[in-house]
Amino acid sequence: MPAPAPASPVPAASMSTITGTLRVSETAAVDSDTNDSNQPGWRRNDTLATAQAVPNPALVVGYLAMPGEVPDGAVAIGDTIDVFEANLGAGQVVELEFAADPARIDLDLALVDDAGDIVGLSVGVNRYECVRVTTAGRYRIAAALYEAGSAGGSTYQLRLVSPGAAPSCPNATAADAGYLPGEIVVRERDADVGVGVGVDTARAKAITGGATGASSGGLALARNAGLALIRGSGQPGSNALLRIPTDATARLKSLARLATLSLATSKAATTAPAGFGASIRPELTTAARHLLDTVASAKQLARTPGIAFAVPNQRVQAMADIPLVGALPSDDPEYGRQRWHYEQISLPAAMDVLAQLPGTQPQRPVVAVIDTGIVADHPDLVGQIVAGYDFLDDPGTSGDGDGMDPDPDDASPESSAPVFHGTHVAGTVAASGFNAIGGLGVAPMARIMPLRVLAPTGGGSSFDVAEAIRFAAGLANVSGILPATRADVVNLSLGANAACADPIRQAVLDARASGVVVVASAGNTRGSYGTAPVSSPGNCPGAIAVGATDARRLVAYYSNGGPELAVSAPGGDMTVSTTGTGAPDGVRSTAAQFDLGVRVPTYTALQGTSMAAPHVAGVIAMMRWINPALTPGQIDVLLANGALTDDLGTPGRDNIHGWGLVNARKAVDAALASLTEPPSPLGRIEALPSALSLGATRAEAELELQRVGNTDETVTSIAWNSPAIEVIADQVDSATGLGRYRIRARREAIAEGTTVFPTIDIGTSSGRGFVVQVTVERRVASIGLGEVGAVYVIAVDANDPARATIAATLADPPVDGHYGYRLSVPAGRQVRVYAGTDLDNDTQICVAGEVCGAYPSMGDTIEAIDTSGDVHAIDFLLAPLGGASGVAGIDR
């Protein structure tokens, strides 16, 4: 989508005005030297001395580029390193994700202590780097770019994540960052591989003595550059251990030689790849320089012909056996960002019970996701999918160029700025888990039946939805095909602000009669209109309509309600960041993004009742896994009896929360109780949430201590280890210690510019203790409450498929995370409003890695605005877009 361009002159009398406010999270920050010339307060941050202070927790958006290889802008001379500064606590994780293909442009991450030693390093060749902090202190955090054989740059997101919300990360701070300085492990390709695509063979012959096979190219180049073979044979297909020169001057000469001889592309390199070296080298200790030279040499070697890999040699130590399955939190790296919404529904306690069950269940339940289709090659969904169907019949609008067929792939083109809604929903239901890949779903034992009824524009029809429901239920439908096994649950994260359409009404009733439970989102329009009824198909008889809660267990500001609302589940609120991840409070799940026109799997966060519904669908799938004979009617009764929920709001059912917040542990217990011979798994007391962030502004937060399962355990003690918080009993049973506590921030007890991570230690009568992690920040005035740099607001013609820009403006500078704007547009037109950053200054907004938003929300059908007169309060959320951050906007 083009960034602001001058609109054609229009007489003032024929113009209308659109005004509004754009919101970002208080944890948002922006690299101070992006390529955008309009960025307020632009300054270099490329040395330890000029490190940019950032909040903690934080989500920082930024940009790095090679010299002379970027669009004209503020850093046309190049910006290969950004350095930030923060006081980090033990257990925090620093994450770096970027948008570029790492085979072309690779970004790496380093942590430097006050002494100038590199104590944390993550230098993989992938889009994700991380370092886990083991010792609290002040750190400089460096993101650096290595050119891997291609010109250009990349946007990125840097996250500082609180201990209780931190994902699994294998790289921990340690002396020499856990590496053996000077040593590189190299493997040469087999001789028949050759020097590779894009190599200048004439130069290869000159360097390697005339042969162009890999066996004479890779290690010959290393020896030519002064590296010594210290272990291994150096034969193709085997590992070799090399050592770079020990003398600093010799190392630099070696690096220059490697760069001159590199054959990664036909372009002759004359300098070493950028990386951490040049700008911060003088500020580092001798040991740190040795380590950086090791990394740079390995990176350069990896670019040479004949080399399969070249990586710094790492220290290792004995580790305990890793179980194949286990309790939550799991080893899945995305789980730290999913933790808040899974703990809110007591999923860890439910998994504890399932892990105690003997044997395996006879059949995996199936959940039909009726949506935009699926990214079937996503690593967290491979093996989780059964055959589905594409019900879109118009080749002109379907996105895949054909009509109905058995291929439910999400064919959304890059030009439609897709969020891969159906893939996100499917991942929340049943992404695989406990495999150290991505995240996991509510019910990883379930399988997904993808049924495509929504086009790339987000639109669909009641006919297609009704036919997809019938397909899922194993009933006759327009496809003429029946599934091998009908679904146990149908998830409908879609809708219309209308009464239940007759075709969908009948399909829901027929599906229930076939034994299928139908779950639907309640709708997301309450924020726009103050109150809003449950949308269709959530308002259809027999459907379980699901409203949304935020991370504080409050009804989400957008969530619809009314007499049809049955239950609530986590949907998120991405206008705030309260969980300690640094990112807005969205629901994290599977997604995809485009890289050079190619769709690649990733993970992202969305908000909406669309995200709440699959939590409920997953919980019901768990129940069906335990007892496949449970009927829709029995589940209705359990829901109405409070056996599947925690009550919220007015006691009993109400029009805001339904029967309350779905509770996976209660649901599992109810399913077990329905068996002829139910087992008796042990219960426990748990804290909801298990980690919370008061951030820089929240005065207090709620903590609930409750029993889950069969237990008479009581709370015997509560203690906290910092004056930065106070724990106050609010509604607590004096005999058991169970109930609601308020956690109050005492920021006056800590110094300005400090973030602390107190723990609340809870003792129980069984002798089992557990900890709740808290984050409190006292921010200095110089760091604002949320900013993402210059924000461009544009209006596009709502009737133009190409989305031509017809008006544009630059938003006002932010005030406490709010950007005001005033946009003049031609009167009498139908327009859609988008906003976003242009960190790389490529004249495009809303591409991967940039911050983006649209009215009313990204991922929803973007509303057409009538400009017959002035229009006000066109307010919406901005968040980083795409897999580089996992925050893709609001959707349902």
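This is a short walk through a few features of the structure above. The model is predicted, so local features need pLDDT of at least 70, side-chain atom pairs count only at pLDDT 80 or more, and totals for chains, interfaces and linings use all residues. Residues are numbered from 1 along each chain as its sequence is written, and side-chain values use heavy atoms, with hydrogens and water left out.

Let us begin with the aromatic rings. A pair of aromatic rings is described by the distance of the centres and the angle of the planes. Rings of Phe, Tyr and Trp (its six-membered ring) pair if their centres lie within 6.5 Å; planes under 30 degrees apart count as stacked, over 60 as edge-to-face and the rest as tilted. Searching the whole structure gives 6 aromatic pairs. In one of them, the ring centres of Phe-420 and Phe-594 are 6.0 Å apart and the planes stand at 40°, so this pair is tilted. Phe-420 sits in the loop between strand E17 (389-390) and helix H8 (421-430), while Phe-594 belongs to strand E23 (residues 587-595), so the pair ties together parts that are 174 residues apart in sequence. Helices (H or I, at least four residues) and strands (E, at least two) are DSSP runs, numbered from the N terminus.

Buried means under 20% relative accessible area, exposed over 50%, and partly exposed in between (1.4 Å probe, protein chains only).

Next, look at a hairpin. Strand E7 (residues 105-112) is joined to E8 by 4 bridges, and the two run antiparallel; strands pair if DSSP finds at least two bridges between them. There are 5 residues between E7 and E8, and Gly-116 in the turn has a positive phi of about 90°. Leu-111 has Gly-120 in E8 as its bridge partner. In strand E8 (residues 118-122), 5 of the 5 residues are buried, so this strand is largely enclosed by the rest of the structure.

Further along, 4 strands make an open antiparallel sheet in the order E27-E29-E32-E31. Strand E27 (684-688) and strand E31 (725-732) are at the edges with a single partner strand each, so one side of each has no neighbour in the sheet. E27 is joined to strand E29 (residues 700-708) by 5 bridges.

Finally, find helix H7 (residues 347-356), where 8 of the 10 residues are buried. These buried residues pack against several elements, including E27 and E29, with contact meaning heavy atoms within 4.5 Å.
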